Amino acid sequence: MSHTGDRKLENCGTRPYSLHGCPDVRLFDEDHEPVDGVRVLRDGASVAGGTGADGPALPLVLKPGEGAWAGLVWRNTVEAGAAVDVPYVRVRAKSGADPVTLVPELDLGTAGKLDVGPWKKKE
């Protein structure tokens with residue numbers, strides 16, 4: 001089974017905000033310690049296709065009030081090994097941006113992969 005979660009960003013400032021590529025995503029456990037053993041992929045289609053999180057990473061410019069979204073895709077299949085739960089995800093819109101901590105409660109199973117799709121302009 002694959003899952004997707006959309007993460008949204010809105011330009012609340014007074015100037016245009018440029019994005020290109022995928023958000024920087026870091027995974028943390030219930031003690032806020034980094035999660036090891038999970039590969040973070042960056043194309044939105046490596047874990048599952050047809051989710052809407054895939055596509056080319058195009059440069060975007062968000063005017064004040066405009067938004068963008070990026071999808072997280074994972075499979076919570078359970079095979080050999082211990083399942084991985086990720087309650088906290090720290091996201092930076094781009095390199096150097098201030099991080100935001102989200103609480104998506106990801107159940108990654110034993111697949112060991114989380115795929116991050118590129119930013120896309122919110123319609």
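Me: How are residues numbered, and which pLDDT limits apply?
Reply: Residues count from 1 along each chain as its sequence is written. In this predicted model, local features need pLDDT of at least 70 and side-chain atom pairs pLDDT 80 or more, while totals for chains, interfaces and linings use all residues, and side-chain values use heavy atoms, without hydrogens and water.

Me: What makes β3 and β8 a pair?
Reply: Strands (DSSP E runs of at least two residues, numbered from the N terminus) pair if DSSP finds at least two bridges between them. β3 and β8 have five, in the antiparallel sense, so they count as a pair. In β8, Y88 is the bridge partner of F28.

Me: Why do β3 and β9 count as edges?
Reply: The open sheet has the order β3-β8-β9. β3 (24-28) and β9 each have a single partner strand, so one side of each lacks a neighbour in the sheet. The twist averages 25° from one strand to the next, taken between axes fitted to C-alpha atoms, with angles from 0 to 180 degrees between N-to-C directions.

Me: How do you know that K94 lies over the face of Y17?
Reply: A charge sits over a ring if NZ of Lys or CZ of Arg is within 6 Å of the ring centre and within 35 degrees of the ring normal. K94 is at 4.2 Å from the ring centre of Y17 and lies over its face.

Me: What is the class make-up of the lining of the largest pocket?
Reply: Eight residues are nonpolar (Ala, Val, Leu, Ile, Met, Phe, Trp, Tyr, Cys, Pro), four are charged (Asp, Glu, Lys, Arg) and none is polar (the others, Gly among them).

Methods: Helix = DSSP H or I, 4+ residues; strand = E, 2+ residues; numbered from the N terminus.
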